[in-house]
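User: Hello! I am new to this structure and would like to learn how to read its features. Could you guide me through them?

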Amino acid sequence: MSAERARTATAERPQVAPISEIPARLLFAASGRESLPDYESRGGYRSGGYEGRELIEAIEAAGLRGRGGAAFPTGVKLRAVAGREGVRHVVANGEEGEPTSIKDRWLMRARPHLVLDGLLRTAAAVGAAQAHVYLSDGPAAQSVAEALEELGTTPIPVRITRVEPAYVAGEETAAVRAIGGGPAKPLDKPPRPFEAGVDGQPTLVANVETLANVPLVASLGPDWFRRAGTEHSPGTFLLTLSGACRAPGLYEIELGTSLGVAIERAGGLICDPGGFLMGGFFGGIIGSRALDLPLDYGRLRDEGSGLGCGAITVFGEDACPVAIAAGVMSFFAESNAKQCGPCIRGTSAMRDALAALSAGPAEQPAVIERLQGWSVSLRGRGACATLDGAAGLVTSLFREFPDHVASHLAGPCKRCSAEELTPDPTTRFSVPISDQWGGGSG
Amino acid sequence: MKLRLELTKCEGYGNCAAHLEEVFELDEWGYAMLKNDGDVPEGAEDRALRSVADCPVHAISVVG
């Protein structure tokens with residue numbers, strides 16, 4: 001199949017495939033939604049595994065880390081909530097704000113019972129009185145509601161809260177605020193949700209992919225879980241691959257696999273890579289050296305990048321990283337919560353500066369100096385991590401592509417002038433979601 | 001004494017920095033930045049309380 005045909009085909013229906021060496025744990029290629037009998041026949045909702053405090057210990061021993069982006073140790077989070085007095089809540093966070101990620105919606109549309117099984121086991125383990133599923137995607141909400149109907153009563157009541165989609169809506173304090181009836185926008189911290197979350201009560205907010213791993217740890221144990229992945233990043237993860245690759249889509253692969261191997265197994269690239277957008281838009285950009293790096297939370301963090309929610313976008317050699325950064329910064333300037341002054345003003349200022357750098361040579365040494373200053377001074381100046389992500393994007397541009405930046409001092413960049421000045425990065429980089437994943441009309 | 005600054009509330013009035021430059025600094029757009037993690041130096045407690053009271057949007061509070 002030619003590259004062009006492959007792109008056309010996948011634009012209609014993204015690839016969903018395990019590319020791990022071990023049997024896939026979370027993902028299967030069959031289209032359609034997994035029903036309750038299907039899930040039970042795969043071993044779902046079965047009792048007899050780790051439960052309660054023992055489940056928390058098993059999750060700690062498994063080394064499961066949050067798959068929403070922060071990679072925080074899940075066991076630590078569970079223990080913190082279980083140890084607090086009050087009416088505890090657990091939230092399955094399926095509000096997938098990163099525009100290049102599709103894995104949470106796939107999980108909820110295609111495997112709602114896996115998510116609910118994880119949610120109910122986790123809620124029982126921390127002694128929660130109420131469980132929540134928090135999302136924006138309509139078909140996913142329908143799929144989860146159908147799954148709850150199939151189950152009838154659940155040991156702990158589960159409530160679905162649906163919000164309008166927004167980049168910041170998936171942040172944990174935004175989730176807590178929206179479930180309480182407020183706007184889906186982040187709050188200042190402390191308190192963190194484990195201290196005061198839904199209704200001011202101790203609340204565990206966990207990404208739906210994180211929760212999807214819980215039934216597996218509960219049934220098969222931490223040693224089994226650690227058969228995939230690395231010591232500090234055990235298990236598999238869902239990789240959303242988009243951009244200049246032959247088969248953009250959703251894949252499951254062992255943590256620790258190199259990016260180059262992952263891309264090869266996913267069908268390869270359509271051209272030589274110029275670089276990658278990492279972790280949705282949150283991990284900044286990285287050069288083609290990333291091909292040799294393991295997809296491991298700690299290792300990528302050490303390199304100044306991040307795996308985040310597991311979404312990676314490839315851009316080709318014909319794209320200028322300065323223009324890519326300008327496009328993503330325009331997204332941050334548009335999509336921030338519009339709450340914290342330094343974020344509103346800072347992302348706009350960085351967007352304008354990157355656009356100026358991309359457009360032409362005038363005043364560029366001053367522009368570069370200002371950008372470098374903001375990339376340091378704006379860190380930690382927002383209530384959520386959006387501004388840190390925006391500052392980190394600039395840092396990564398200067399670190400990974402100094403020659404490209406320097407070439408803009410010499411004169412207009414041909415690759416930049418071929419770009420639209422403010423491309424919409426959400427449509428440009430995203431993978432279309434298939435309506436064949438179940439959960440209604442899509 | 002320790003002060004907390006809520007980033008979602010600050011609108012850049014700048015009264016805090018006028019009262020207590022040891023703890024508050026304003027960025028290029030006028031928004032407040034907390035120095036020394038909000039620790040108020042000894043002897044500056046009265047001015048710290050004025051910075052709390054004079055913030056029109058109640059972005060500053062005493063936390064310890």
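User: How many helices and strands are there in chain A?

Analyst: Helices (H or I, at least four residues) and strands (E, at least two) are DSSP runs, numbered from the N terminus. Chain A has 18 helices and ten strands. A word on the basis: this is a predicted model, where local features need pLDDT of at least 70 and side-chain atom pairs count only at pLDDT 80 or more, while totals for chains, interfaces and linings use all residues. Residues are numbered from 1 along each chain as its sequence is written, chains are lettered from A and ligands numbered from 1 in the order in which they are written, and side-chain values use heavy atoms, with hydrogens and water left out.

User: What pattern does chain B follow along the sequence?

Analyst: Chain B reads β-α-β-β-α-β, with two helices and four strands.

User: What does the radius of gyration say about chain A?

Analyst: This radius is taken over C-alpha atoms, and the globule rule is 2.2 Å times the number of residues to the power 0.38. For the 442 residues of chain A, a compact globule would come near 22 Å, and the chain's 21 Å agrees.

User: How do I read burial, and what share of chain A is buried?

Analyst: Buried means under 20% relative accessible area, exposed over 50%, and partly exposed in between (1.4 Å probe, protein chains only). Buried residues are 60% of the 442 in chain A and 44% of the 64 in chain B.

User: Which residues have the most contacts inside the largest nonpolar core?

Analyst: In soluble globular proteins, nonpolar side chains tend to be buried together. A nonpolar core here is a set of buried Ala, Val, Leu, Ile, Met, Phe, Trp, Tyr and Cys residues joined through side-chain atoms within 4.5 Å. The largest has 60 residues, and those with the most contacts inside it are A:Ile285, A:Phe332, A:Met350, A:Leu371, B:Leu3 and B:Phe24. Elements supplying at least two residues each include helix H12 (321-335) of chain A and strand E1 (3-5) of chain B. H12(A) gives the most to this core, nine residues. A second, separate core of 53 residues includes A:Ala92, A:Leu120, A:Val133 and A:Ala206.

User: How many positive and negative side chains does chain B have?

Analyst: Lys and Arg count as positive and Asp and Glu as negative; His and the chain ends are not counted. Chain B has 6 positive and 13 negative side chains, and chain A has 42 positive and 50 negative.

Methods:
The place of a charge is taken as NZ of Lys, CZ of Arg, CG of Asp or CD of Glu.
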